[in-house]
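Visitor: I would like a close look at a single residue and its surroundings, with the cut-offs behind each term spelled out. Please set it against the chain as a whole.

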Amino acid sequence: MAHINPDDAKRRLRQEARQAREGADPQGRAAADKALARAVAAGAAFNAASMVLAYYSAGSEVDTHGLIAEALRCGKTVALPRCRRGERAMDWHIIASLDDAAPGYCGIPEPADDPLTRIDPSVFTADTLALVPGLLFDARGFRLGYGGGYYDRFLAQFPGVALGLARKGQLVESLAALGALDAFDRPVNLLATEQGVRATG
């Protein structure tokens, strides 16, 4: 059997997954995202977390705006990532509302580079919840991201609960079997779809 280069496999899968996600019916996407958000908000990981590390969804991504609003309503500390381009790393900044983000890296809304809102990663604990985006997820919790490596670097050091957000059409059985897994990839602990939240692995 010929060796599959993970980079080549990932590039091909990213293109296919983006096309599939963007080609899905917008009403169906919105309905799935509402069901997913309800499942996350009702789940133990969300309710146990005093801090939620979210992402500002854009385009055809799973919508996180409702979950961010719910976390803020519940009095949780909510933070969004700001990319450090040269290092392919992320800093997390506390927000009071979605209005605290403005277009940044690749046009994705980011919080301002304010040292007063930046979180020291040492405060992350076992019950800190990180909402993780991806194009595809597999049964073991591995994800196909956008190619920057930002989340894999973050997850390698994160002590809390990583929760991947995906619609059921973004699930595959095994990224390894598709040749799209390498040594730097990090899995999430939980996976949420419109059908509910489940542990991975």
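Guide: What follows takes up Gln170 and then the protein chain around it. This is a predicted model, in which local features need pLDDT of at least 70 and side-chain atom pairs count only at pLDDT 80 or more, while totals for chains, interfaces and linings use all residues. Residues are numbered from 1 along each chain as its sequence is written, and side-chain values use heavy atoms, with hydrogens and water left out.

Gln170 sits in the loop between strand 9 (161–165) and strand 10 (171–172), where strands are DSSP runs of E of at least two residues and helices are runs of H or I of at least four, both numbered from the N terminus. Because its relative accessibility is 5%, Gln170 counts as buried, a term that means under 20% relative accessible area with a 1.4 Å probe and protein chains only. The side chain of Gln170 reaches the backbone oxygen of Gly134 at 3.1 Å, and that of Leu135 at 3.1 Å as well. Apart from neighbours within four places in sequence, Gln170 is in contact (heavy atoms within 4.5 Å) with Arg21, Val62, Gly134, Leu135, Leu136 and Phe137.

Turning to the protein chain, its secondary structure comes to five helices and 12 strands. Its C-alpha trace spans about 55 × 40 × 30 Å along the principal axes, and buried residues make up 45% of its 201 residues. Among contacts between residues at least 6 apart in sequence, 72% join residues at least 24 apart.

Definitions and conventions
Buried means under 20% relative accessible area, exposed over 50%, partly exposed in between (1.4 Å probe, protein chains only). A polar contact is a pair of N or O atoms within 3.5 Å; within protein, one must be able to donate a hydrogen and the other to accept it, and residues adjacent in sequence count only if both atoms are side-chain atoms.
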